[in-house]
Amino acid sequence: MATWKSRGLRGSTLEELINRTNERYLEDKLALIQKIPTPITPINIDKQTRHITLAYFDQKSTVDYIGAVQGIPVCFDAKECAFSTFSLENIHPHQVTFMENFEEQDGIAFFLIYFTKLNEYCYLPFRHLKKFWDRANSGGRKSFRRDELDERFIIPAREAAVMVPYLELLKLDLEDRSKES
């Protein structure tokens, strides 16, 4: 059983931006995306602030978000990276398995990665992540560099009504998939 500490909230800023983006997409009737809560069992609660300070994960989570975009099932996970190299240790085998199974059912799986040092967001299609994953599992590097990513899927950070405009990149992902098949 894994233990939760405040370090686990590193991605909360990114998730808040994605949540706001998803609210906007819902208002505009473009998508219905739900945040999937990670089930935890609280162990210690600060009586003054009523915040959980120690907890155990009840079970392995799959992805952070799941829903539909104009009839297309989507699931994705949000990750933050402080450097220009992303360690694959931040992605768990059960997440990869879930996303593989999701795509086998004609869904679209991807990651939204925020490179904090570079102030850039990246839409990482699952099939691109899978190449890095397979490389690591066959003895290669256990990470990927920002410069290995397809530039078309990079979004510079910006202030806008849609904080992390990933639907534009989902459309690009779908176009690439239709060309590949």
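Helices (H or I, at least four residues) and strands (E, at least two) are DSSP runs, numbered from the N terminus. The model is predicted, so local features need pLDDT of at least 70 and side-chain atom pairs count only at pLDDT 80 or more, while totals for chains, interfaces and linings use all residues. Residues are numbered from 1 along each chain as its sequence is written, and side-chain values use heavy atoms, with hydrogens and water left out.

Helix α2 spans residues 93-104, twelve residues in total. From first C-alpha to last, α2 reaches 17 Å, close to the 16 Å expected at 1.5 Å a residue (1.5 Å times one less than the number of residues). Q95, V96, M99, F102 and E103 are the buried residues of α2 (buried means under 20% relative accessible area, exposed over 50%, partly exposed in between; 1.4 Å probe, protein chains only). These residues lie on the same side of α2 because they cover an arc of only 125 degrees around the axis, taken from the directions from the helix axis to the C-beta atoms. On the other side of α2, P93 and E104 are exposed. The buried residues pack against β5 (65-69), β6 (72-81), β8 (108-115), α3 (126-137) and α4 (167-180), contact meaning heavy atoms within 4.5 Å. Just after α2, D106 takes a positive phi of about 70 degrees.

K79 lies in strand β6. K79 counts as buried because its relative accessibility is 13%. Residues touched by K79, leaving aside those up to four places away in sequence, include Q95, N90, F111 and Y114. A polar atom of the K79 side chain lies 2.7 Å from the backbone oxygen of N90.

Methods:
Polar contact = N/O pair within 3.5 Å; in protein donor to acceptor, adjacent residues only side chain to side chain.
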